[in-house]
Amino acid sequence: MKKRFVLIRLIADFAFLFILASCGQPQSGAAPQPVGNLAPPQQLEDSYIWTIGLDPGHGWQGDPGATGNGLQEKTVNLDIALQTKTILESNGFRVIMTRTGDDSNDLTQAAKVINAQNPNPDLVVSIHANSGGSGSTATGTEACYTVGKSTDTESKRLATLLTNSISSKLSLVNRGVFPENSDSRCARRASTGWNQLYIHNMNPPTALIETAFLSNPFDADLLKNRGADFASAIADAIIAYLKNVEAPTASPPIALTSTSVSQPPVVSTSTSNVLVIDTSGSMDDALSAGGVKLDAAKDAGRKLLDIIGAENEAGVSANHEVAIVDFSDTAIVDIGFTANIDSAQNALSSLYTTGGTGMPKGLQAALDLFPATLTGKSFIILLSDGQPNIGLNDESDKVVVRQQVLDLAGEAGRRGICVYTVGFGDPTATGSIDENFLRQVADASGCGTYHNAQNAWELANIYINLRHESTGNTLLTKTGDIKQGENLEIGNAQVPDNQAMMLFTLNWPGSQLDAVLTDPNGKLVDMNYPGASLLTKNNLVSIIIQNPLAGSWNVAAYGAQVPEQVINYNAILSVRPNPNPPTPVPVTPTPVVVQPSGGSPFAILIIVLAGAGMMVYVITLTGRRARTQGLPLYGSPAVLVGLNGTYAGYSIPVRDGFVIGSSFACALRLSDPSVSWQHARLRFVNGQWYIQDMNSKRGLYVNGKRVQAVPLNKGNRIRVGSIEFEFR
Ligand SMILES: [Zn+2]
């Protein structure tokens, strides 16, 4: 049997940790290590020099910050900041440091240094390390951003890019990003009475990154030995952030080079998208399948905006803007072009119905939003449930009004704006949509298409499909049913060479589905997959992969929670070509062997092969003889000995990166309802074994205590759900 599954499940972070007010002091004063394989210095096409502020936390007036595992925060922070500076400067940036050693000024000096620069830096990253206090097993990376400032949205985007980059490069748990007034986040708690972090006083967009936990031995080992990777991850995030910022004196978009060798720069086309929505009185009508038309339009629009927002957050070098116009007797611009998708969502939510169908007015208002010179792809999605009956000058002559709509669509086409039309309703019903007319409108623009939806589910699918259709080349589209607990094979998509990005969406009307995406090498896409950005929201999974590997990608879904027993799904995968040839990084498959311990009655042998881009699991029952396998294992010799369940009495060799869970893709698969899809991971770093919880539902226990990440020693008892092992 062949299985290629991975689960993408964004599980809410558990917030039971009590983070102490922590952070910093000096230690060895380590010099920054040289960073190799950097691209040659490269600035912008014009002469604008980007200025980056780096703020190594603590070290002011003798404040060491947090301590743990022999490290002092102020020194760790400074070491990473100096290495980040080296990387940025070698890429042509100007870097301002708030301190370069211990400083006798107080903490307020940090903001003073930043604000004294003229001009101010384009952004500031404040670098800290976290602590959970003694006895804590907290692990991972998190960031905080300012609130109550005009730069908050940008600060949040920067924070998100920082945690994504560090979590990906260091395989650390991504704990998320938080506003600066959050309790128990970014080393602060409500009881301190703080409403602001000190970075609040810095003028530019500013994020504070808590790289990892000094209090956790695994995290501390990374901070001690992989400072260069933290620095490189921070520099990558800064560059990704700037790709979406226009230089003050530059009109063309910036060509920046990522410092990552494995991830060449992604070039993608920006988009400007106006949703034009009919809010005439009939949009208040109920749909035969349930719900009200306008609510269905809002839900469909919300999913489309979520997908666009995820693209903006992914750090692809393209800017996607949306605007919303509604029309009834008149047209209203609910929100002009913005990349702030949250604001657009709010505008969408505020729509209400009234009056007639002034379609020409809606189309005219949308056209007026576009600048004279377009950048990137521009389109209008026009939704209507009826026929136009009010013209630009309030005429109601049917022929005149229709001609106005067609003329406006033609004008859009001449300006390079595609008009997609969606007729919402049954075309055979009296007074309903005129499909031929709406098709003519789309055709008049020369590059749009017409679509018909008769219920909320179809409308959502059309909106999502239009995102794929209008921006890239669709490789796979499938709708169907999925059952509770079903691992559903959806299909394969053949991705060509040289694609800037892949967009995969899975949506469904209710319940909880998981998307399962596997690359041509059999590697499962998860949050740590190179170039991947994942979103799960409003019954929608959206996955963006930058520079996807060419070859056959497998798509599957899992019916995680389907109380209805069966629901519909809609899966679409599209790609956008890249003018710059990417350098794919081959993924080496990892052999896994489960061996019997001596005297066991059965041996279960699982071999993972990489052939033709798939993994093959072979399960063999070999009788009572133990057998030795010659496949290589990684890490020091260590085994898990099963204490109960299927593996009771078995001895299972482990290696660095060994994942335990209920997924077919896990190195050790436990088919038990108490075990999460990907439950726990073993790591072997610098001679020490560790085990990490992978945000499991039921938790990971070592010697009876629930943990996030702890060192493992021989004789430790590990419990994954209800299944127990001894580590030997
Ligand atoms: Zn700190």
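**Exercise 1. Determine which residues Ala557 touches and where Ala557 stands in the nonpolar cores.**

Solution. Contact here requires C-beta atoms, placed from the backbone, to lie within 7 Å. The coordinates belong to a predicted model, in which local features need pLDDT of at least 70, side-chain atom pairs count only at pLDDT 80 or more, and totals for chains, interfaces and linings use all residues. Residues are numbered from 1 along each chain as its sequence is written.

Step 1: Ala557, with Val276 and Ile380, is among the residues having the most contacts inside the largest nonpolar core, which has 100 residues. A nonpolar core is a set of buried Ala, Val, Leu, Ile, Met, Phe, Trp, Tyr and Cys residues joined through C-beta atoms within 7 Å. A residue is buried if 20 or more other C-beta atoms lie within 10 Å of its own, exposed if 12 or fewer, and partly exposed in between.

Step 2: the element giving the most to this core is helix α6 (residues 293–313), with nine residues. A second, separate core of 59 residues includes Ala66, Leu123, Leu170 and Val177.

**Exercise 2. Describe the cover and the pairing of strand β9 (residues 271–278).**

Solution. Step 1: eight of the eight residues of β9 are buried. Helices (H or I, at least four residues) and strands (E, at least two) are DSSP runs, numbered from the N terminus.

Step 1: in a regular strand the side chains alternate between the two faces of the sheet. In β9, Thr271, Asn273, Leu275 and Ile277 are buried on one side, and Ser272, Val274, Val276 and Asp278 on the other.

Step 2: β9 runs parallel to strand β10 (residues 320–327), joined by eight bridges; Asp278 has Phe327 as its bridge partner there. Seven bridges pair β9 with strand β12 (residues 377–384), also in the parallel sense, and Val276 stands opposite Leu382. Pairing requires at least two DSSP bridges between the strands.

**Exercise 3. State the strand order of the open five-stranded sheet and identify its edges.**

Solution. Step 1: the order is β28-β27-β29-β30-β33, with mixed pairing.

Step 1: β28 (668–669) and β33 (709–712) are the edges; each has a single partner strand, so one side of each is left without a neighbour in the sheet.

Step 2: two bridges pair β28 with strand β27 (residues 659–661) in the parallel sense, and Gly661 has Arg669 as its bridge partner.

**Exercise 4. Identify where confidence is lowest and highest.**

Solution. Step 1: pLDDT, the predictor's confidence in each residue, runs from 0 to 100. The chain has a mean of 79, and 81% of its residues reach 70 or more.

Step 1: confidence is lowest in strand β24 (residues 614–616), at a mean of 26, and highest in strand β5 (residues 123–130), at 97.

Step 2: pLDDT is below 50 over residues 250–266 and stays under 50 over residues 580–635. Where pLDDT is low, the predicted coordinates should not be read in detail.

Methods. Contact = placed C-beta atoms within 7 Å. Lists of a residue's contacts leave out its neighbours within four places in sequence.
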